[in-house]
There are 2 protein chains.
Amino acid sequence: MEQIKEGWFYENNELWHGERFSLEVEEILHHQKSFYQDILVLRTKSHGKALILDGIIQCTEKDEFSYQEMISFLPLCAHPNPSKVLIVGGGDGGVAREVVKHPLVKEVVQVEIDEDVIEVCKKYLPSMAQGFSSPKLNLKICDGFEYIKNCSHTFDVIITDSSDPIGPAVNLYTNDYFEMLRGALKPDGIICSQGGTFWSQLEHIKNTIANCKKSFGTVKYAWSSVPTYPTGQIGFILATVKENVIFERPQFVFTPNKIELLQLKYYNSNIHEAAFILPNFVKKELGG
Amino acid sequence: MEQIKEGWFYENNELWHGERFSLEVEEILHHQKSFYQDILVLRTKSHGKALILDGIIQCTEKDEFSYQEMISFLPLCAHPNPSKVLIVGGGDGGVAREVVKHPLVKEVVQVEIDEDVIEVCKKYLPSMAQGFSSPKLNLKICDGFEYIKNCSHTFDVIITDSSDPIGPAVNLYTNDYFEMLRGALKPDGIICSQGGTFWSQLEHIKNTIANCKKSFGTVKYAWSSVPTYPTGQIGFILATVKENVIFERPQFVFTPNKIELLQLKYYNSNIHEAAFILPNFVKKELGG
């Protein structure tokens, strides 16, 4: 617990040397080491409850909706009929909560390796973990790699809600992984993976896109504003086998009524289109 | 200098309780108290040099271009002929550097109250302070309020590059100030002011817009990603006297060649349009 000093939690961050974000702690709600990682839940002064894995903030109640909605609805709404969806990771339940809101989604499989994260979130972060109680969801506790390997052209959309590319998650940014996803995806399916921030990881994003392009014909980077992630900005890599697919124009539009009813706090069709628009210094590196 | 501890600078932040951003310090380049404020320049480990006024990060070399380009080109490119421009504040020179790049800008007046900030930036942050050497610029060291009061329908665009609404800058968010700006603006002129972040200051933004609407017929909020500002997101209030003016569609478009030549690292016409698109939770509060 050396990351908490004088009432403040300091993010431990190998990827972002020289900068640090911290949150004032009201109460430590839970702390354990699971078989896979260090799990910490805090009640913070300003951001509601926060889930921290291996010293890195995964989500806070204040701003998690931006990430969860965007990683879900960018690929779902870019697809004409996202009937069958796979979520890899996402142990807090927030992505499942969003994915099942899409009216065309019939069936969701989620593979998460660490059951302890799920149990902790059910207990302390029910606003996210509510995703686990959907009748559309089939939750499997297993290694995502093993599961995906055995799927053959099964899914319309595959969302990889992973942590950053340090430690075990590094494998989720390789061509081997993207090639496996292609095998598990229907021919017109779309993948969406957490893609890093253009402010600090442009080289990493470039490499990930290059890895992804070996298996997919259309690969795009989109982004959102999430204050508690480093630099306050995070991206998503979307890809599909066919070339020149336009992810930017949503195939499905949530009406204002539906947005209200389904409690979409961030995502709408205009935000969808805007998410693919990049600053010049990013365009220059990534193209497009 | 109690904000620097064990080699890290911790932002002192009354407006953002419970969260804190910090930068690792390589060297303290300058520290003084001017008549108006505490001025600190650091060489940081990851963000180049940083200017800090009264304990709050104003800009770092790594990401300042996003703020400076957006606060300048959103109003300039929304105007069909922004010939005469007033900059209020902006003592680091970054806004002047951008404003003079616009080919239709003929004359720029800048009023900054604290000459010491300008001198410090000329010495330590020449990449920003280069704005001061433009022949288009007429720099005046004086109180912006006093200057504006005596202008009558003089400017096409007025940019207020101010600090956050604590301390003296609080006056720059009142109706009195907006009313003064209206008096100094040509009838079809556009103002643009630093507008705060929707993640933490939504109530403040709402109030500012309400104050602004008492003097202007069209008032809009646009935003950009700036990692070293709290929440990593900052907004701009644009306004003009006439109702139903479309700021979203730029009147002037920088070609890819011009973007390269003028070293625009963030702003382009697509970014301009996207900047006005808001997440649902913001739209709900601000309308539009």
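Colleague: Where in chain A is A:D161 found?

Modeller: A:D161 is in strand β10, residues 155-161 of chain A. Strands here are DSSP E runs of at least two residues, helices are H or I runs of at least four, and both are numbered from the N terminus. This is a predicted model, where local features need pLDDT of at least 70, side-chain atom pairs count only at pLDDT 80 or more, and totals for chains, interfaces and linings use all residues. Residues are numbered from 1 along each chain as its sequence is written, chains are lettered from A and ligands numbered from 1 in the order in which they are written, and side-chain values use heavy atoms, without hydrogens and water.

Colleague: What feature does UniProt place at A:D161?

Modeller: "Active site", according to an unreviewed UniProt entry. UniProt positions follow the numbering used here, feature names are shortened, and annotations may be inferred rather than shown by experiment.

Colleague: Is A:D161 buried or exposed?

Modeller: A:D161 has a relative accessible area of 10%, so it counts as buried. Buried means under 20%, exposed over 50%, and partly exposed in between, using a 1.4 Å probe and protein chains only.

Colleague: And which side chain makes a polar contact with the side chain of A:D161?

Modeller: That of A:Y67, at 2.6 Å. A polar contact is a pair of N or O atoms within 3.5 Å; within protein, one must be able to donate a hydrogen and the other to accept it, and residues adjacent in sequence count only if both atoms are side-chain atoms.

Colleague: Switching to salt bridges. How many are there over all chains?

Modeller: A search of the whole structure gives 27. The criterion is a side-chain nitrogen of Lys or Arg within 4 Å of a carboxyl oxygen of Asp or Glu.

Colleague: Which residues are linked in a network in chain A?

Modeller: Salt bridges connect A:E64, A:R97, A:E98 and A:K101. The A:E98 to A:K101 bridge is 3.0 Å, N to O, and both of those residues are buried.

Colleague: What about B:E98, which residue is it bridged to at 2.8 Å?

Modeller: B:R97, N to O. B:E98 also has a salt bridge with B:K101, with the closest N and O atoms 3.0 Å apart. B:E98 is buried at 1% relative accessibility, B:R97 is buried at 9%, and B:K101 is buried at 18%.

Colleague: Last one: what rotation superposes chain B on chain A?

Modeller: 180°, with 0.0 Å of shift along its axis and an RMSD of 0.0 Å. That is the relation of a two-fold axis.

Methods. Copies are superposed by least squares on the C-alpha atoms of residues with pLDDT of at least 70 in both.
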